[in-house]
Amino acid sequence: MHNSCVSNDQNAETSTAGAYITSGQEFTRDTNYITTRITRDGADGYPVEAGRYRLVAARACPWANRTIIVRRLLGLEDAISMGITGPTHDRRSWTFDLDPGGVDPVLGIERIQDAYFARFPDYPRGITVPAVVDVPTGQVVTNDYAQITLDFSTEWAQYHREGAPQLYPEPLRDEIDTVARRVFTEVNNGVYRCGFAGSQEAYEKAYDRLFTAMDWLEERLTGQRFLVGDTITEADVRLFTTLVRWDPVYHGHFKTNRQKLIEFPALWGYARDLFQTPGFGDTVDFDHIKRHYYVVHEDINPTQIVPAGPNLDNWLTPHHREQLGGRPFGDGTPPGPVREGERVDPAHTPLR
């Protein structure tokens, strides 16, 4: 089964672009990822080493957007370089069509699948982003997006910027893991369960599950500024990337239309609070997000017409969440300006 950030099949002859729905069935996510880790002790053969690895991400993809946010919040730009793919992919792989000549300037490849096949010539699964690539060998190390961000927080600590926040503080890890697990199963994946449902029954079941969780989050965030504790943590990063895509994509395209995000008072305030925090909104490319979903999912949107709306200026309106207390970065500080070459196109964001 496929998620939105995986190209369908490495075999162009037998695959069909946009085949994300299995008729009559509910959507089941393939969660078998390359679980190799980059660690301080190098136990899997890949030790933490500044300049050795390249994060390949797509701004369109919520799972990849997480890694972009965490890398920026922690200040890992000098330690881990980043390549950005285009917002759409063909049936084989995400491509580097934003780069001159369509080639990643560090890896020298046109498709992220080349890094997968360099390590696993017969790689049988979907080609996903985010992926971390070992630059000297050109081989993919891991595409296990959930572990990638946790390792950025823990294994890469020696390369964090001064003032980097504690996104995965030890005293709160059990609660972060518990909240993040429910957010993943019911919300991050829940929107896909609605959008890729293969029957009316599967859709309605997925819809009920999703909004049960959204109501739980609305209640939780009515009285507290962040999901766990009084600072931004990994749990907030994971929820944010779904919320920021809700009105532009999920509400219509995935039929999650009981409410728009702007109709949830606490969740809408929470999402704006994070969006206006350095490291969050400045990684979001609304044009890439819309083009990805509406163009790639041909079985949901066969015309591939990309909606013109919604208006994005409301992301910058006052949220008043500071009245709940909390310190976004704890004892740390916000990240500085976005690095040259990593800025979102100003035409694709309300931030200026």
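**Figure 1. Packing of helices H1 and H3.** In this predicted model, H1 and H3 pack at an angle of about 5°, their axes lying 9 Å apart. This makes H1 roughly parallel to H3. Axes are lines fitted to C-alpha atoms, for helices over the stretch in contact, and angles run from 0 to 180 degrees between N-to-C directions. Angles under 35 degrees count as roughly parallel, over 145 as roughly antiparallel, 65 to 115 as roughly perpendicular and the rest as oblique. Helices (H or I, at least four residues) and strands (E, at least two) are DSSP runs, numbered from the N terminus. From H1, the residues Trp63, Arg66, Thr67, Val70, Arg71 and Leu74 meet Tyr145, Ile148, Thr149, Phe152 and Ser153 of H3, contact meaning heavy atoms within 4.5 Å. The contact of H1 with H3 comprises 6 nonpolar, 3 polar and 2 charged residues. Here Ala, Val, Leu, Ile, Met, Phe, Trp, Tyr, Cys and Pro count as nonpolar, Asp, Glu, Lys and Arg as charged, and the others, Gly among them, as polar. Residues are numbered from 1 along each chain as its sequence is written, and side-chain values use heavy atoms, with hydrogens and water left out. Because the model is predicted, local features need pLDDT of at least 70 and side-chain atom pairs count only at pLDDT 80 or more, whereas totals for chains, interfaces and linings use all residues.

**Figure 2. Packing of helices H7 and H9.** Helix H7 (residues 234–243) packs against helix H9 (residues 265–275) at an angle of about 105°, with the axes 10 Å apart. H7 and H9 are therefore roughly perpendicular to each other. On the H7 side the contact involves Asp236, Leu239, Phe240 and Leu243, which meet Leu267, Tyr270, Ala271, Leu274 and Phe275 in H9. By class, this contact of H7 with H9 has 8 nonpolar residues, no polar residues and 1 charged residue.

**Figure 3. The largest pocket.** About 320 Å³ of space lies in the largest pocket. On a 1 Å grid over the protein atoms alone, a cavity is a set of points where a 1.4 Å probe fits but cannot get out, and a pocket is an open set with protein on both sides within 12 Å along at least five of seven lines; lining residues have an atom within 4 Å of a point. Grid points are joined across faces, edges and corners, and a volume is the space filled by probe spheres set on the points. The lining of the largest pocket consists of 17 residues, and Ala146, Ala180, Arg181, Phe184 and Arg238 lie nearest the centre of the pocket. Helix H3 (145–154), helix H4 (173–188) and H7 each supply at least two residues of this lining, and H4 gives the most, with 6 residues. The lining of the largest pocket divides into 8 nonpolar, 3 polar and 6 charged residues.

**Figure 4. The two cavities.** The structure holds 2 cavities of 30 Å³ or more. The largest cavity has a volume of about 100 Å³ and is lined by Thr36, Arg37, Ile38, Ile80, Val132, Thr142, Gln147, Ile148, Asp151, Phe152 and Trp156. H3 gives the most to the lining of the largest cavity, with 4 residues. By class, the lining of the largest cavity has 6 nonpolar, 3 polar and 2 charged residues. The second largest cavity contains about 70 Å³ of space. Its lining includes Arg59, Arg71, Arg72, Glu77, Asp282, Arg339 and Glu342, together with Ile68, Met82, Thr283 and Val338. H1 gives the most to the lining of the second largest cavity, with 3 residues. This lining divides into 3 nonpolar, 1 polar and 7 charged residues.

**Figure 5. The disulfide of cysteine 5 and cysteine 61.** The structure holds 1 disulfide, defined as a pair of cysteine sulfur atoms within 2.5 Å. Cysteine 5 and cysteine 61 form this link, with their sulfur atoms 2.0 Å apart. The link is right-handed, with 115° about the S-S bond. The pair joins distant parts of the chain, 56 residues apart: cysteine 5 lies in the segment before strand S1 (6–7), and cysteine 61 in the loop between strand S2 (53–57) and helix H1 (62–74).

Figure 6. The peptide bond from valine 129 to proline 130 is cis, with omega near 5°. Proline 130 is in the loop between strand S4 (127–128) and strand S5 (131–134). The peptide bond from glycine 309 to proline 310 is also cis, with omega near 0°, and proline 310 belongs to the segment after helix H10 (286–296). Lysine 255, a residue other than glycine, has a positive phi, near 65°. Lysine 255 lies in the loop between helix H8 (246–253) and H9.
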